[in-house]
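Reader: I am new to this structure and would like to know how its labels were reached. Please take the terms one at a time.

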Amino acid sequence: MSQNRSSNQLVVPQATAALDQMKYEVAQELGIAIPQDGYYGNMATRDAGSIGGYITRRLVQIAEQSLAGQYK
């Protein structure tokens with residue numbers, strides 16, 4: 001699992017593994033290599049931003065689908 005030094009806290013801490021898995025899936029889809037040692041200092045800001053942006057889009061899509069199914 002990656003080391004997260006962010007001050008952001010998850011609302012559901014049990015989601016850490018799922019979010020990490022999503023991060024690796026998105027990076028693979030975009031053709032971006034995530035450092036194996038967990039150090040992101042050598043990663044381009046643009047690449048890190050792309051991963052974060054696609055994760056956000058995917059999470060919004062999941063939430064919209066969930067809401068659409070709930071309120072049909």
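Author: A charge sits over a ring if NZ of Lys or CZ of Arg is within 6 Å of the ring centre and within 35 degrees of the ring normal. This is a predicted model, where local features need pLDDT of at least 70, side-chain atom pairs count only at pLDDT 80 or more, and totals for chains, interfaces and linings use all residues. Residues are numbered from 1 along each chain as its sequence is written, and side-chain values use heavy atoms, leaving out hydrogens and water.

Reader: What makes Arg57 a charge over the ring of Tyr54?

Author: The charged end of Arg57 is 4.9 Å from the centre of the Tyr54 ring, and the limit is 6 Å. Lys23 also lies over a ring face, that of Tyr24, at 5.6 Å from the centre.

Reader: Why is the contact of Glu29 and Arg58 called a salt bridge?

Author: The term asks for a side-chain nitrogen of Lys or Arg within 4 Å of a carboxyl oxygen of Asp or Glu. Glu29 and Arg58 meet at 2.8 Å, N to O, so the pair qualifies.

Reader: Why is Glu29 called exposed?

Author: Buried means under 20% relative accessible area, exposed over 50%, and partly exposed in between (1.4 Å probe, protein chains only). Glu29 has 55% relative accessibility, so Glu29 counts as exposed. Glu25, at 34%, counts as partly exposed.
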